[in-house]
Amino acid sequence: MTHTISPESPAAWRDPALGVRRELALPQGQLSVFDSGSGDPIVFVHGLLVNANLWRKVVPSLSGEYRCIAIDLPFGSHTTAMPDADLSAPGLAQLVIAAIEELDLGPVTLVGNDSGGAVSQLVVAARPDLVARLVLTSCDTYENFPPPFFDYIGLAARTPAALTALGLSLRSRVIRRLPIAYGWLAGPIERPVSDSYALPVNSKAIREDVRRVIGGLDSKYTLEAAKTFADFENPVLIAWSAGDRFFPDRYAERLAADFPHARLDWIRDSRTFSAEDQPGQLTAAIKAFLASTAAETPR
């Protein structure tokens with residue numbers, strides 16, 4: 001029987017601004033997505049130890065013109081375990097692909113952040129026909145997957161007791177604000193959102209998903225995906241947090257140079273989670289990008 005966190009638990013809370021919750025029965029398992037608005041589809045992909053709540057400040061400003069789909073990937077802050085799914089980086093990319101196909105979205109604008117940006121790059125490499133436009137905010141890429149700072153998480157994932165201790169430590173909101181948790185990724189995060197990020201990993205089944213995800217993070221996948229960038233002919237926006245501690249500016253510049261039709265916008269006064277810290281700047285950059293490329297994208 002698949003383990004699901006109780007909907008009444010603080011770990012399961014999702015902001016109503018994300019739209020209607022839908023449960024997709026995919027070959028890999030049950031995947032939650034949040035669906036809001038209508039029009040050309042935008043699919044949002046978060047990273048490790050966060051969930052669809054990352055996009056709660058961005059979706060409302062875009063859903064008046066676009067259909068916004070925020071996916072709850074099994075990155076450790078999800079509510080339904082996926083014990084039978086391939087949770088390597090390519091496997092996570094296949095989950096995104098399966099969700100796009102299950103919802104019959106056609107070519108989408110794909111928006112990725114943090115390790116979800118790496119997954120988005122793998123989607124582009126595997127199925128460029130499904131990506132009309134790509135938006136990469138600060139994220140893992142090239143040899144920086146994962147960033148060296150997070151090696152301790154990889155060590156924890158190899159030891160069940162250490163991973164359990166990590167989950168227990170994240171119950172403390174004081175710990176969550178430290179650099180080893182969310183402190184260098186975002187400014188203050190509201191308690192309901194922070195709880196939804198940190199508490200699911202206290203579930204044994206969710207921890208097992210996390211262990212497999214972390215074990216599958218490897219720069220060989222992003223370096224291989226990068227070989228396909230020159231062949232991607234659709235528009236790309238690199239909306240990068242200037243001075244990011246984990247994803248230095250040189251990676252944004254490298255991505256902008258490697259994609260043939262890319263533009264680079266800097267998000268100022270933001271940490272890695274620009275959707276948390278500077279949602280207005282990020283949304284404005286995405287809106288301008290979508291408007292300026294409307295005539296260039298496949299339907």
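Across which strands does helix α2 (residues 89-102) lie? In this predicted model, helix α2 lies across β1, β2, β3, β4 and β5 (108-114), and the helix runs at about 110 degrees to β1. A further helix, α12 (residues 279-292), lies across β3, β5, β6 (131-139), β7 (236-241) and β8, running at about 160 degrees to β8.

The strands named here belong to an open sheet of eight strands with mixed pairing, arranged in the order β1-β2-β4-β3-β5-β6-β7-β8. Its edges are formed by β1 (20-26) and β8 (262-267), each of which pairs on one side only. On average, neighbouring strands of the sheet are turned by 20 degrees against each other, direction ignored. In general, the strands of a sheet pair through backbone hydrogen bonds, in either a parallel or an antiparallel manner.

Both senses of pairing occur around strand β4 (residues 67-72), which is antiparallel to β2 and parallel to β3. Five bridges join β4 to strand β2 (residues 29-36), and Ser-32 has Asp-72 of β4 as its bridge partner. Four bridges connect β4 with strand β3 (residues 41-45); here, Phe-44 is partnered by Ala-70 of β4. Strand β4 is also mostly covered, with five of its six residues buried.

Notes: Residues are numbered from 1 along each chain as its sequence is written. This is a predicted model: local features need pLDDT of at least 70, side-chain atom pairs count only at pLDDT 80 or more; totals for chains, interfaces and linings use all residues. Side-chain values use heavy atoms; hydrogens and water are left out. Buried means under 20% relative accessible area, exposed over 50%, partly exposed in between (1.4 Å probe, protein chains only). Helices (H or I, at least four residues) and strands (E, at least two) are DSSP runs, numbered from the N terminus. Two strands pair if DSSP finds at least two bridges between them. Axes are lines fitted to C-alpha atoms, for helices over the stretch in contact, and angles run from 0 to 180 degrees between N-to-C directions. Contact means heavy atoms within 4.5 Å.
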